[in-house]
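The stops below are meant to be selected one after another.

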Amino acid sequence: MGHAPAVKPFEKKLIVITSPSGAGKTSIVKKLLQHFRNFAFSVSATTRDMRSGEVDGKDYYFVSPSAFQQKVAAGEFLEYEEVYEGVMYGTLKSEVERLWAQRKTVIFDIDIKGAANIKQQFGSDCFIIFVKPPSKDVLFERLKARNTENPKTLKMRLKRAEEELKFESKADYVVLNKDFDTAYMRTKNAIIRFLNPVPVYH
């Protein structure tokens, strides 16, 4: 009787791409999803209004503040927070479990606090990549150029971005997003190393 080849057991891994808003993490995530067929995007829930071109259930799960609070009370979130006054974001446990059931590596495009919370829960199964803007000035210019903010919310975003830049030292890998193609290649290679570590022989 011949033995069937050993099938590598499915490992529940999480890839978290994080950065201050405007540093370019979403573009990197989109390209990674095209390259890695066994990756799936974790769709966050939010109470903010849908922007033009966004699709409910694809970009975000758009929920009312009261529905969000009900989910919080029921313990349905892996992590959640009030990112701006009255605007909540969170990662649903059911979303991650759903993707793992499909044997997918889960990839996140989330803010700094959410990334830190997920790392705390999953430890070495979670790989955090911090996308660093070329400079603080470039980041601020990108945020201003978006035209999605009024002066009050823009000021809040800039203050928040300044705080978030300090997260760099806590990430597993830092990539400078000066040139997109270079940043993408470095991110992709870092992920491949994380998922397929070279065995160390003593």
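Select Asn177. In this predicted model, Asn177 is buried, since its relative accessible area is 6% and the cut-off for buried is under 20%. Asn177 belongs to the loop that runs between strand E9 (173–176) and helix H7 (180–195). Show its side chain: it reaches the backbone oxygen of Ala23 at 2.8 Å. Leaving aside residues up to four places away in sequence, Asn177 touches Ala23, Gly24, Val131, Lys132, Pro134, Arg142 and Ala183.

Next, select helix H7. From first C-alpha to last, the 16 residues of H7 reach 22 Å, close to the 22 Å expected at 1.5 Å a residue. Now colour its buried residues: Ala183, Tyr184, Thr187, Lys188, Ala190, Ile191, Phe194 and Leu195. Look down the axis of H7; these buried residues fall within an arc of 165 degrees, so they line one face of the helix. What covers them includes strands E1 (14–18), E2 (39–41), E8 (126–132) and E9, along with helix H1 (25–35).

Turn to the salt bridges, of which the whole structure has 13. Select Asp109 and Lys25, whose side chains meet in one of them at 3.7 Å, N to O. Asp109 lies in strand E7 (residues 105–110) and Lys25 in helix H1, so this pair ties together parts that are 84 residues apart in sequence. Asp109 is buried, with a relative accessible area of 17%, and Lys25 is buried as well, at 12%.

Move to helix H3 (residues 93–101), where Arg98 and Glu95 are three residues apart, about one turn of the helix. Their side chains meet in a salt bridge at 3.3 Å, N to O. An α-helix has 3.6 residues a turn, so residues three or four places apart point the same way. Are these two buried or partly exposed? Arg98 is partly exposed, with a relative accessible area of 40%, whereas Glu95 counts as buried at 2%.

Select Lys119 and Asp172. The closest N and O atoms of this salt bridge are 2.9 Å apart. The pair links distant parts of the chain, 53 residues apart: Lys119 is in helix H4 (residues 112–122), and Asp172 is in the loop between helix H6 (151–164) and E9. Lys119 is partly exposed at 23% relative accessible area, and Asp172 is partly exposed at 36%.

For the last stop, select Glu81, Asp111, Lys113, Arg160 and Glu164 together; salt bridges that share partners join these residues into one network.

Terms used. Residues numbered from 1 in each chain as written. Predicted model: local features only at pLDDT ≥ 70, side-chain atom pairs only at ≥ 80, totals over all residues. Heavy atoms only, no water. Helix = DSSP H or I, 4+ residues; strand = E, 2+ residues; numbered from the N terminus. Buried < 20%, exposed > 50% of the residue type's maximum accessible area, 1.4 Å probe, protein only. Polar contact = N/O pair within 3.5 Å; in protein donor to acceptor, adjacent residues only side chain to side chain. Contact = heavy atoms within 4.5 Å. Expected span 1.5 Å × (residues − 1). Arc of directions from axis to C-beta. Salt bridge = Lys/Arg side-chain N within 4 Å of Asp/Glu carboxyl O.
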